[in-house]
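Here are my notes on the model, as numbered points. Please read them with the structure open.

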Amino acid sequence: MNKLKGSSGMLLVLVAMVIVASVMVKGFATGENAVSLGLAVSTVGLVSATMLYCLAGGDFDLSVGSNLALGGVLAAIVTTATKSVFLGIAAALAAGALVGLLNGLVIAKLGINALITTLATMQIVRGVTNIVSGGSPKTCSVVGFDGLGKSAVLGIPSPIALTILCFLVFGFLLNRTVFGRDTLAIGGNPEAARLAGIKVEATKVWVFVLSGMVAAFAGCVQASRLLAASNNAGEKLELQAISACVLGGVSLAGGVGTMSGVVVGVLIMGVVQNAMSLMNIDTFYQMVVTGAILLAAVVFDKVKTAQNEKRSSRGTA
C-alpha cells in the first residue's frame, strides 16, 4: 500500500507538470515535441531500467556513462572494420558485460564498496574509450548501422520502442521471477537473504553484468541514431539515471523499487529538461535545476526511509 501511495504521488506530480508545461510552454503540447521528448529520455530510460536493480540490491553503478561511450565507440569501430553490424553490437555487449563482471566480482566477492568500485571503473573505462577511439568521435557509414536508431516499429521510433521493451522485460524480471525477488531481498537485508538460501554474490554479479550490457547497448542505439559515437558520450548519465530511479520511489537504502515508478521518474526528468529547453533557459541554469531535483529526490528518499523504519519499529514494539 505504501509503495502504491508513493508511486501514485509521483504520478500526480508528473501529470501536474505536463498540464502546467502544456499551458505555460509554447510548443510543448505537440505530437512532434512528444516524439522529441521520448527520444531524449530513451537513453536515460534504458540505463535506468537496470540501475533500478543496482539500487534495489543496495548498490550503485557509476560506470554506466563510461560504459555507454565505450559501447558506442566499439560498435562504430568494429562495424566499420568488419562491415558487420551484428559483430559491432556483439563487441559492444561483450565489453559492457566484461565491465559489469569486473564490477560485480569486486563488489560481491571482495566486499569493496560499490561507490568506490564503480567510481574507479568509470575512470578506467572512460580512459579505455579514449585510447580505443584516439580521443575523437568515430563515424560509421556501413549500411544497416542506423537500424537501431533511425528505424520505426509500428510508427514508433526504434529508440523509444526499445526503451519500452526494456521496461517491460526488466519489469517482468523484477516482479515475476526469482531473480527479481532475490535482488529486492538482498537490498532489504543481505544477511537475512543469505540465511534464506539466496545466492547473494552470484545475484549481485548478474545485476552488474546486466547493467553493463544495457549501458553498452544504449551506446549502440545512440551511435546508430547519430551515425557516430563520441568518446565523451554519457557524461553525467549515471546521475540522471539515479535521479530518475529515486524520483520513481527506488530506495537508496535498497530493497524497494518498481519499474512503473522508474518510468514515472524518467518522464519527470524528461519533462523538466524538455520544458526548459523549449523556454531557451541557459544550459547552466538547467544544470542547477537538475542538481536540485537530485537533491530533492535524495532528501525525499531519506525522509521516506525514516518514516518506514519508524513504522516498522512501532509494529515490532
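**Notes on the predicted model**

1. Threonine 118 is buried, at a relative accessible area of 0% (buried means under 20%, with a 1.4 Å probe and protein chains only). The residue sits in helix H5, residues 114-133 (helices are DSSP runs of H or I, at least four residues, numbered from the N terminus). A polar atom of its side chain lies 2.7 Å from the backbone oxygen of alanine 114. Leaving out residues up to four places away in sequence, threonine 118 touches Phe60, Asp61, Leu62, Ser63, Asn103, Ile107 and Phe208 (contact means heavy atoms within 4.5 Å).

2. This is a predicted model: local features need pLDDT of at least 70, side-chain atom pairs count only at pLDDT 80 or more, and totals for chains, interfaces and linings use all residues. Numbering starts from 1 along each chain as its sequence is written, and side-chain values use heavy atoms, without hydrogens and water.

3. The largest nonpolar core has 55 residues (such a core is a set of buried Ala, Val, Leu, Ile, Met, Phe, Trp, Tyr and Cys residues joined through side-chain atoms within 4.5 Å). H2 gives the largest share, twelve residues. Val262 is among the residues with the most contacts inside this core. Beyond its neighbours within four places in sequence, valine 262 contacts Ser48, Leu52, Phe167, Ala244, Cys245, Gly248 and Val250.

4. The axes of H2 and H12 come within 9 Å and cross at roughly 140° (axes are lines fitted to C-alpha atoms over the stretch in contact, with angles from 0 to 180 degrees between N-to-C directions). Residues making the contact include Ser48 and Leu52 of H2 and Met259 and Val262 of H12.

Key:
Buried < 20%, exposed > 50% of the residue type's maximum accessible area, 1.4 Å probe, protein only. Helix = DSSP H or I, 4+ residues; strand = E, 2+ residues; numbered from the N terminus. Polar contact = N/O pair within 3.5 Å; in protein donor to acceptor, adjacent residues only side chain to side chain.
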